[in-house]
Amino acid sequence: MDISADDLAGGITKVVLRGRFDTTGAVVVELPFNKVATEKQKIVVDLSAVNFLASYGIRVLLVGAKVVKSKGGSLVIVCPDNNVAKVLKTAGMDSLIPIYQTEAAATAALAS
Amino acid sequence: MIAMSNARASRLVLRNDVAELERLAGWIEGFTGQGTSPDVSFAVQLCLEEAVANIIMYGGAKDDAIVIAVELERNCGALVARIEDNGQQFDPTRAPPPARAVSLEQAKVGDVGIHLMRSFANGMDYERRDGRNRLTLRFVEPAAPSSE
C-alpha cells in the first residue's frame with residue numbers, strides 16, 4: 001500500500017491512498033497518514049485506488065479524522081469504491097466522516 | 001501434508017503473527033479466483049482478515065504458540081470458511097454490536113471487525129470443541145440465472 005499528499009488551492013491537502021487497506025497496508029500508511037492529519041487542517045482522502053478496506057484501515061481513517069477535528073479542521077473522504085463504501089457505511093463511518101463522490105464536491109465542502 | 005484429494009477444498013495453517021495476514025490474503029485470492037464473484041471474494045477476504053487478525057491480536061499472550069487453521073470449501077453453491085484455533089475461548093457470535101457514535105469526538109476507535117463479519121457473511125456459527133475455537137462462515141452468491 002502507498003500514500004501521497006499534495007497541497008491543493010485554498011489550504012486543502014489531498015491524500016491519495018492506494019492498494020489494500022487491510023492490517024498489513026494500514027501498518028505501512030498509519031504513521032505518514034497521522035503526520036498529515038497532525039499538520040494539516042483541511043484534508044481530502046482519495047480512496048478511489050483503494051480496492052479493499054478492513055477494520056484496521058477504518059481505525060487509521062477514524063483516528064486521523066479525530067485528530068483533524070480536535071484542531072478545528074476537517075477531513076473528508078472522496079470516491080470510495082463500491083465495496084469500500086459498503087464497509088465504511090457498515091462500520092458507521094458515513095455518519096462521522098463526510099463522503100463525497102467527486103473531488104469538486106469534497107473541496108467545495110472544505111472551502112465553505 | 002498438503003495432499004488434498006478434494007480439489008474443491010483448501011486448507012492453510014497460520015501462526016499468530018501479523019505478517020501471516022498477507023499470506024492469508026494471497027491464499028484466499030488463489031481460491032476465490034476460480035469462479036467467485038468480486039463481491040463474494042471481497043466479503044470472504046474481509047471476514048477472514050477480521051477473524052484471523054482477532055485471533056492473532058487477542059487469542060493469547062505474545063509468546064503463546066497459537067495455530068490457526070483456515071479452510072475454504074465450496075458446498076451446495078455456497079462458499080464455506082472454517083477457522084479453527086487453539087487460542088483462548090472467544091465466541092464472536094456473542095459479541096455485542098458496537099455502539100453507534102453520535103459524534104466524531106465521541107466515536108470509539110476499534111470494535112467494528114466483528115460487526116463487519118456479521119454484515120458481510122451470510123451466516124456465522126461458533127463452537128468450542130476439544131479446547132479449540134471453531135468458527136464457520138458462509139457466503140452465498142447472489143441469485144443469478146443458472147444454466148445448469
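Which residues of α3(A) are buried? In this predicted model, local features need pLDDT of at least 70 and side-chain atom pairs count only at pLDDT 80 or more, while totals for chains, interfaces and linings use all residues. Residues are numbered from 1 along each chain as its sequence is written, with chains lettered from A and ligands numbered from 1 in the order in which they are written.

The answer is Val84(A), Val87(A) and Leu88(A), where a residue is buried if 20 or more other C-beta atoms, placed from the backbone, lie within 10 Å of its own. Seen down the axis of α3(A), these buried residues fall within an arc of 100°, so they line one face of the helix; the arc is that of the directions from the helix axis to the C-beta atoms. Their cover includes β3 and β5 of chain A, together with α2 and α3 of chain B. Just after α3(A), Gly92(A) takes a positive phi of about 80°.

Along the sequence they follow the pattern β-β-α-β-α-β-α-β-α. The strands form an open sheet of mixed pairing in the order β1-β2-β3-β4-β5, where two strands pair if DSSP finds at least two bridges between them. Its edge strands are β1 (2-7) and β5 (99-100) of chain A, each pairing on one side only. Strand β4 (residues 74-78) of chain A runs parallel to β5(A) and is joined to that strand by two bridges; Val78(A) has Tyr100(A) as its bridge partner.

Helix α3 (residues 82-90) of chain A packs on this sheet, touching β3 (42-53) and β5 of chain A, and its direction makes about 115° with that of β3(A). Contact here requires C-beta atoms, placed from the backbone, within 7 Å. Angles run from 0 to 180 degrees between N-to-C directions of axes fitted to C-alpha atoms, for helices over the stretch in contact. Helix α4 (residues 103-111) of chain A lies across β2 (12-21), β3, β4 and β5 of chain A, at about 170° to β4(A).

Turning to the partner chain, 23 residues of chain B are in contact with 19 residues of chain A. On the chain B side, α1 (20-32), α2 (38-58) and α3 (113-120) each supply at least two residues, and α2(B) gives the most, with seven.

Notes: Helix = DSSP H or I, 4+ residues; strand = E, 2+ residues; numbered from the N terminus. Contact = placed C-beta atoms within 7 Å. Buried ≥ 20, exposed ≤ 12 C-beta atoms within 10 Å, placed from the backbone.
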